[in-house]
Amino acid sequence: MFERHHQEMARALFEEVNDAVFVFDPESEQITDANPMAQRLSGHQRSDLLQMRLTDLLTAPAEEGMRRLLESSRVTTLFHSQEGFRLRQRDGGEIEINVSVSRVHLRPHPQALLIVRDITDQRLVERALRVRNRHLEVLNRVAHLTTGSLTPEEMCDRLLSVVRDAMPCDAFTLDSYSEELDSTQGIASYDTIDGVLQRVACEEVPLESGSRLRAVVIQGRRPLLIHRENLEIESQPYVPFGDAGRPSASLLWAPLVVGNHVVGVLSVQSYAPHAYTDDDVGLLEAIAHQVGPALEAATLSTQLRQSQHMLASFMEGATDAFTIWDQDLGLLDLNQTALDLFPGGGERERVIGTPLGAVLPEERRDQRLREFRDVIRTGIPLIYEEHAVYPVIGDRHLSVRAFRVSGGLGVIVSDVTEQRRAEEKMSRLATAVEQATEAIIITDTHATILYVNPAFEKVTGHTRGASLGRGIEMLKCDRQSETFYEGVRRTFERGEAWSGRFLNRRPDGKPYEVEATITPIRDGEGRVINFVAVQRDVTKETQLEDQLRHSQKMEAIGQLAGGIAHDFNNLLMGILGYCDLALEDLPDTETVAEYLEEVRRASEQAATLTRQLLTFGRRQVLRPINLDLNDLVADLMKMVQRLIGEDIDLQIMPGANLWPICADPSQLEQVIVNLCVNARDAMPEGGKLIIETENVTLSDESAEWGMDTARFVVLTVRDTGVGMDPETVRHIFEPFFTTKEMGRGTGLGLATVYGIVKQHDGMIRVDSHLGLGTTFTISFPVATSRAPEDVGDETSSSQPRGGSETILLAEDEPMVRSLAERILRRAGYTVLSAPDGSVAVELFESHADAIDLAVLDVVMPRLDGHSVADRILATRPAVRVLFTSGYSADATRSREIERRGYQLLAKPYEPNTLLSKVREVLDRSPLGYIART
């Protein structure tokens, strides 16, 4: 009874115990029984376990352990093990167990009892505790080593010693991360080279968008563990283990996180495969979380120190004056530039404490002090510029920036005196350039226009907006040869300035001439970077120069022609005079008389030629009167129509209410006739000839020609003839220049016209084109005073009356003087002759009471005719005076003769003309003395 009860209790205990209990045969190791806990722990059914041996379920840490366990089951020795044994489960897994073995006496054979306890949770707790202690120890070391004033590099060196002790480490890297650049930059990097872990170069690594490092560590903020398999390592681009350049087989990264931002990455690597466990991952992550804030603090501290050092260096090396003032505006500190402003360079200790008011200009001191105190009070910066006389530095222009600093005021002062002076100078220069009347053009080295001033538009006709960005060749004129432009380019290639004149063209294609200077602009290294061209339009100036040269040429030719004609006139006068005298003394039937008549006729033709030369040279004596040009043209038209023929259509277009002009009518008739004859010759097959008159006000044109008046009467003679080319037009007024056939013209017609117009203070212009006809435009100034009336023809066909009066004759030409003396004496006059003005005065002084008339040549050596007349009339106002002249070399003298009412006899004159004029003057009442003014 007691034994059965005991068995029932043992069975209940076997069934309910929390440990797994296996019963087995010690000899065969066959399992003979197993309690429910054994079934649950192993995962096998009881029936399955009864088919298994003990060694099918148990594994020992070593063969010795299993042997001892089995031996204990065969004897009475108790076996107990705390660790190392593991139980295989049905699903293939294993659990760590503690085992106890004892021998029991069960019938019919002795059995062994194996008690198994699952210690997995115990081991996990123990392991977790060990890991926690290990982490705490490592993190404590990290905290200790990363405290204090460290640079990021120093922190990395200390951190490496901790990581190497905590986990495998063949390579170690600490990187910063830039969110703006999305890249990592190495702070410190170590790698094992030749078995030694040593510092290597760091690189900036842009993160690829699909990389695991970017996705997991940077964006996910989680550790990343990569184990490379052996096959992958041996394939390209990797090399097998053992080589110096081998890649890591195990790589572990952890993010350095501060707040919500990743500030860096901590990485360890190992050449051993599967070198890192989950514990290592957690430990590195914990280290990274602790290192992140420390790294940021070290980075900020380093940046602060660098900034402070840079600020100090900048302040000391800056050209601006930096000063720090306390709340009472006393000087606390200053840089060297500010210190140098004090007299004698100053000493820092001596100037510290200087009140701010002592360096401010007196007239604004109180205002500025209030403004500086407001900066300290409000924190609002103060910026201003001021030109004043300062106590320390004198008359300067300063730029001042004041701002609040801890405990006081910071002031930065920039001396902008020279800058403002330069700006003012540049402003004046810019104003001068903008207001210059010359066109100013700036181009780059490729001749692209970068700037033009306003005058450019007036000179060139191109607008500024349309010209900028275009090539300077837009102004190029095709009338300028390429050889010319090549010479200009060669000058630029030598780096020299070029100046001269050339042709440009306006937008309408019209050419214009400019005087230009083109200068290369160089940079500080001497390289040409720009060209500046200054151009002045000299088109009108060139035209005036051409006109002046032409006028000077014509004047020179006129002087030559007039001089020759004057001398030739004297010879002709002698020939004509003596011919007349000889003819008077010879009988009419004499053959010699016929010969003399032929000589006389030839001499008269020669005299006509000389008169034309004198007219061209403006030395012909004029007899001007006030006249209406319309009346003169109307009187000539019948003769003109006969001259030009019926095949030419003559049209007269008189202007209304024509102003009067002062002119010699015979000379104007010669002008009109010559122009009409030339027009007829230009229209051999007929055509149209138009003569037009009008009143015109030509202010601009008269100013160019030096006229005193702006009112003109214009005579226009226009034909539809063959016209002339430009070269012919250039020479058209020159004497003896003709386009007619030999024997059909002397070439003096238009030269005579030119001389007459100029002698009348007029202007003449010609416009002609081949095939389009010719237009002559003549402008006569309007008469400003009343001229002498026309006295008619002085020549009389009747024999002039002689007389018995005494005449003083002054003539410097011996032949003319001798002839005149003979003519006068033959007519009964007493003649006192003198070869010049001085002798004439002496003769008059000797015979003053006897002299009735003085015949005086206007132009004589020593004393001219006017001076002789003045001396004679000052002594005897009753003496009559007759002037003679071969030409009016001085228009003023001719006008003075007319003003004083004296008669003027033009040479060459005939004997009867001389006698008539002498008698006319003697028979008039004396004019009396009129002094010259």
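These questions and answers look at how terms apply to parts of this structure.

The model is predicted, so local features need pLDDT of at least 70 and side-chain atom pairs count only at pLDDT 80 or more, while totals for chains, interfaces and linings use all residues. Residues are numbered from 1 along each chain as its sequence is written, and side-chain values use heavy atoms, with hydrogens and water left out.

Q: Why is Phe79 called buried?
A: Buried means under 20% relative accessible area (exposed is over 50%, partly exposed in between; 1.4 Å probe, protein chains only). Phe79 has 6%, so Phe79 is buried.

Q: Which residues does Phe79 touch?
A: Contact means heavy atoms within 4.5 Å. Residues up to four places away in sequence are not counted. Phe79 touches Gly65, Arg68, Leu69 and Ser72, among others.

Q: What span is expected for helix H5?
A: Helices are DSSP runs (H or I) of at least four residues, and strands (E) of at least two, numbered from the N terminus. The expected span is 1.5 Å times one less than the number of residues. H5 has 12 residues, and 16 Å is expected. H5 reaches 17 Å from its first C-alpha to its last, close to that value.

Q: Which residues of H5 are buried?
A: They are Gly65, Met66, Leu69, Leu70, Ser72 and Ser73. Their arc around the axis is only 160 degrees, so they lie on the same side of H5. The arc uses the directions from the helix axis to the C-beta atoms.

Q: How do strands E19 and E20 pair?
A: Two strands pair if DSSP finds at least two bridges between them. E19 and E20 have 3 bridges, in the antiparallel sense. In E20, Val452 is the bridge partner of Ile441.
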